[in-house]
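Please look through the structure shown below before reading on.

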Number of protein chains: 2
Amino acid sequence: MADGESDRKRLESLEDLGDGAAYAGSIFGLVNESQFFVDFTREDIDILASYMHIYRARPQITILQEGEIGDYMLMLIDGEVDIYKANRIGGQQYMTSVKAGTTLGEMSMIDGASRFATCIALRVTTLGALTRDDMGRIIHDHPSLGAKILIKLVTLLSQRLRQTSAQLLQYIK
Amino acid sequence: MADGESDRKRLESLEDLGDGAAYAGSIFGLVNESQFFVDFTREDIDILASYMHIYRARPQITILQEGEIGDYMLMLIDGEVDIYKANRIGGQQYMTSVKAGTTLGEMSMIDGASRFATCIALRVTTLGALTRDDMGRIIHDHPSLGAKILIKLVTLLSQRLRQTSAQLLQYIK
């Protein structure tokens, strides 16, 4: 896929494990080790999981590709993912690795802009996908859970922005 | 006030212009020049304004102070504000100036962490304050407007994070 194309086909090429409801228990097991899920009750997770769809990626599969357009976020339920950014000489700069409980692609889910980084499965990885349409349905059907998820996204982005800005200030001063 | 103290007293020391409802027209007039308010209908603004409280700051007044704890955001309705960050040698680094339509302090409103920058009125400035409690009431009383405001906050933070991360990558590669 070229820059600017939707990456929904990338999601659909993964192994389809079906509806998220069957994974609510696994997701609830991550509550204590996840920045995203902390404060979520079992009922919250049961509802959220029922709007998700679950996929499995084999090792070395590119799950998200920097520059592609996306409209869904992913929650790592099991496995491990490496994150890369393109550098100025056309190569891939390794940024970090993330494990179960981490969310990926939240910014594109909300603002529809292109994927900010490339995410590659390091080992067999189970992912829950939540599309912008799914998020809209949660907000409509369960407004207080919708607000809770949105507040969590604002909090996560605030933390990342504070960290990134603090790093940047080390360079520009 | 020292670092870690709430800055609510700072807000209360400004000139109190009363309830936001009387300013709905002025705020609606900013819709087209504001990243925050774009897509808001007149009805949205009427409701939002009714949960806000309006203050006026004289020139040179420090509206927000980096490091203080805050639980409200501010919308610039009129005037101009300079933004500074502390530098490593104890001085103030000028970052930028912002005008009517800009929001300040959204991150602290949501996550309760300390103010990220210092904001000083450059001239007489009118501000609408929205506290975390006000935001909670909007979400409770008007869930779809609450979700719209939260989605706007996620979008703004995503944009800033993309910009800041892109700047940072220029230095670390």
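This is a predicted model: local features need pLDDT of at least 70, side-chain atom pairs count only at pLDDT 80 or more; totals for chains, interfaces and linings use all residues.

## A helix with a buried face

In helix 3 of chain B, which covers residues 42–50, the buried residues are Ile45(B), Leu48(B) and Ala49(B). Viewed down the axis of helix 3 of chain B, the buried residues fall within an arc of 95°, so they line one face of the helix.

## Two residues with positive phi

The loop between helix 2 (24–28) and helix 3 of chain B holds Asp39(B), a residue that is not a glycine and yet has a positive phi of about 85°. Asp39(B) is exposed, since 11 other C-beta atoms lie within 10 Å and a residue counts as exposed if that number is 12 or fewer.

Gln60(B), which is not a glycine either, has a positive phi of about 75°, and it is found in the loop between strand 2 (53–57) and strand 3 (62–64) of chain B. Gln60(B) counts as exposed, with 10 C-beta neighbours inside 10 Å.

## A sheet in chain A

Chain A has an open sheet of four strands, placed in the order 3-8-5-6 and paired in antiparallel fashion. Strand 3 (62–64) and strand 6 (92–99) of chain A stand at the edges with a single partner strand each, so one side of each is left without a neighbour in the sheet. On average, and with direction ignored, neighbouring strands of this sheet are turned by 30° against each other.

Within this part of chain A, strand 5 (residues 80–86) and strand 6 run antiparallel and are joined by seven bridges. In strand 6 of chain A, Gln92(A) is the residue that stands opposite Ala86(A).

## How the two chains meet

The contact takes 29 residues from chain B and 29 residues from chain A. On the side of chain B that touches chain A, helix 4 (106–111) and helix 6 (143–172) of chain B each supply at least two residues, and helix 6 of chain B gives the most, with 19 residues. Sorted by class, this side of chain B has 15 nonpolar, eight polar and six charged residues.

Conventions:
Residues are numbered from 1 along each chain as its sequence is written. Chains are lettered from A and ligands numbered from 1 in the order in which they are written. A residue is buried if 20 or more other C-beta atoms lie within 10 Å of its own, exposed if 12 or fewer, and partly exposed in between; C-beta atoms are placed from the backbone. The arc is that of the directions from the helix axis to the C-beta atoms. Two residues are in contact if their C-beta atoms, placed from the backbone, lie within 7 Å. Ala, Val, Leu, Ile, Met, Phe, Trp, Tyr, Cys and Pro count as nonpolar, Asp, Glu, Lys and Arg as charged, and the others, Gly among them, as polar. Two strands pair if DSSP finds at least two bridges between them. Axes are lines fitted to C-alpha atoms, for helices over the stretch in contact, and angles run from 0 to 180 degrees between N-to-C directions.
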